[in-house]
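Student: I am new to this structure. Can we go through it in short steps?

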Amino acid sequence: MKNVKSEALEHLSDLVVIAFNKKALKKIILSKPHAVDEIKSVITSKMITSNIVLQLETFSKDNKAYHRNIRENFKKELLRIFRNYSQINVITTVGDCQYMCAKSGNEKLIGDNSLRKMLQSDEIETINTNGNNKIKNYILSGNEDFLKKLGVSDETGRVRDKMQSKFRQINKFIEHIEAIKDKLPTNTINIYDLCCGKSYLSFAVYHYFKNVLKMNVKMVCVDLKADVIEYCTGVANRIGFDEMQFVCGDINEYKMIDKPHLVISLHACDIATDIVLNKASQNGADVILSTPCCHHELNHTLNCEALSFVSKHSMLKQKMCDAMTDALRLMKLEGEGYKVDALELIDPEDTPKNIILRAIKKKTFDSKKQKN
Ligand SMILES: C[S@@+](CC[C@H](N)C(=O)[O-])C[C@H]1O[C@@H](n2cnc3c(N)ncnc32)[C@H](O)[C@@H]1O
């Protein structure tokens, strides 16, 4: 952390407070953190219990997101946070500005003067600070009994700070399910969650079909981890989600008993996503929704001279390999009779792993034509 007084950062925090007070602050993206275990942070204005606060969300390399609400001493708190980053982008309704600090310590502030002028205007567009209230538009509100029992929300239905990101993820995932529900049966449905982990998504999906759509649901969730499977079985029993079954095992070995109507998977690591897609397609799933996790295989094996202008930059190589891996996955599913899409799961600010691969079985599919 820099202890030296930085005029640029003082100036920037002043500007942010003006934008915040005028309800013009959209977000602040804090990149190039000094902390080695952090990816980045984002600050947004949120309405929490009738007060507008600044919410700091920090994304760490172990895939966790931490939240902190700043309710007072805004300038002082912002300054303290800003000192931990070498790049800061302030985005407002009337314009943006950027702070950069080089390794040498040289600081640069771009766009601050014009932003200050724009903020002086009396008639500026304000943001909707409904932040947490936005949750009311989601399919899950936080007030559902199962979310309270899972510890996602507290007894008042307020989503706990450390669960905000997971809550948004599962809500968005369900929105993706809602968007394709006409491709699924309307009475009884067989769902598989492969690589379910702690199964927040599985419980939410079960709730959606069982309690919101009032359908008969049979759901099987599979994961390698025995302790997690034992824990989830206990939770399902406690909350009365009777038609949920948790199976401990390798998804590669797992044999689906009922025809899968919907196969879901959230962040199955590396090639586990390929196993999920393969298993789902081989068993004729009607719909597959899968958000891949880390991709390693292509990144480790790619050896292509023609692409060396990209692959010599390790970060760009990773991004290219991620995109190529997902595109190859979709191409394979397309060849197996699916209509495929790559969609955005959630705000990319939330997690870099925000692609959802969607495959919907085509009614008529000529496999011979495909091979030619
Ligand atoms: C990053 S976690 C995601 C868990 C959960 N879907 C979520 O989003 O919270 C990945 C999970 O995949 C499981 N997994 C990885 N490979 C697997 C395999 N071959 N068979 C079953 N589970 C596997 C791990 O045990 C882990 O729980």
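Tutor: First, some terms. Helices (H or I, at least four residues) and strands (E, at least two) are DSSP runs, numbered from the N terminus. The expected span of a helix is 1.5 Å times one less than its number of residues. This is a predicted model, where local features need pLDDT of at least 70, side-chain atom pairs count only at pLDDT 80 or more, and totals for chains, interfaces and linings use all residues. Residues are numbered from 1 along each chain as its sequence is written, and side-chain values use heavy atoms, with hydrogens and water left out.

Student: How far does helix 6 reach from its first C-alpha to its last?

Tutor: Helix 6 covers residues 200–212, which is 13 residues. At 1.5 Å a residue, 18 Å is expected. The model comes close to that, at 17 Å.

Student: Why is helix 6 described as largely enclosed by the rest of the structure?

Tutor: Buried means under 20% relative accessible area, exposed over 50%, and partly exposed in between (1.4 Å probe, protein chains only). The buried residues of helix 6 include Y200, F203, Y206 and F209. Helix 6 is largely enclosed because the number of its 13 residues that are buried is 10.

Student: Which residue just after helix 6 takes a positive phi?

Tutor: The phi angle in question is about 55 degrees. The residue that takes it is K214.

Student: How far apart are the centres of domain 1 and domain 2?

Tutor: Domain 1 spans 7–133 and domain 2 spans 141–371. These bounds come from an automatic or database domain assignment. Taken over C-alpha atoms, the centres are separated by 33 Å.

Student: Which residues come nearest to the ligand?

Tutor: A residue is near a molecule if one of its heavy atoms lies within 4 Å of it. There are 14 residues around the ligand. Those that come nearest are C195, D223, D250, I251 and L266.

Student: How much of the ligand's exposed area does the protein bury?

Tutor: Start with polar contacts, here pairs of N or O atoms within 3.5 Å. A nitrogen atom of the ligand lies 3.0 Å from a side-chain N or O atom of D250, and a backbone N or O atom of I251 is 3.0 Å from a ligand nitrogen. Areas come from the Shrake-Rupley method with a 1.4 Å probe. Alone, the ligand exposes 600 Å², and the share buried by the protein is 82%.

Student: How many salt bridges does the structure hold?

Tutor: Side chains of opposite charge can pair when their charged atoms come close. A salt bridge is a side-chain nitrogen of Lys or Arg within 4 Å of a carboxyl oxygen of Asp or Glu. Among them is a network linking E10, D14 and K75. The structure's total is 17.

Student: Which residue forms a salt bridge with K149?

Tutor: The closest N and O atoms are 2.7 Å apart. Both partners lie in helix 4 (residues 145–149), four residues apart, about one turn of the helix. K149 is partly exposed, at 45% relative accessibility. Its partner is D145.

Student: How many residues apart in sequence are the parts that K218 and D258 tie together?

Tutor: The side chains of K218 and D258 meet in a salt bridge (3.0 Å, N to O). K218 lies in strand 9 (residues 216–223), and D258 in the loop between strand 10 (244–248) and strand 11 (262–268), so the pair ties together parts whose separation in sequence is 40 residues.

Definitions and conventions:
A polar contact is a pair of N or O atoms within 3.5 Å; within protein, one must be able to donate a hydrogen and the other to accept it, and residues adjacent in sequence count only if both atoms are side-chain atoms.
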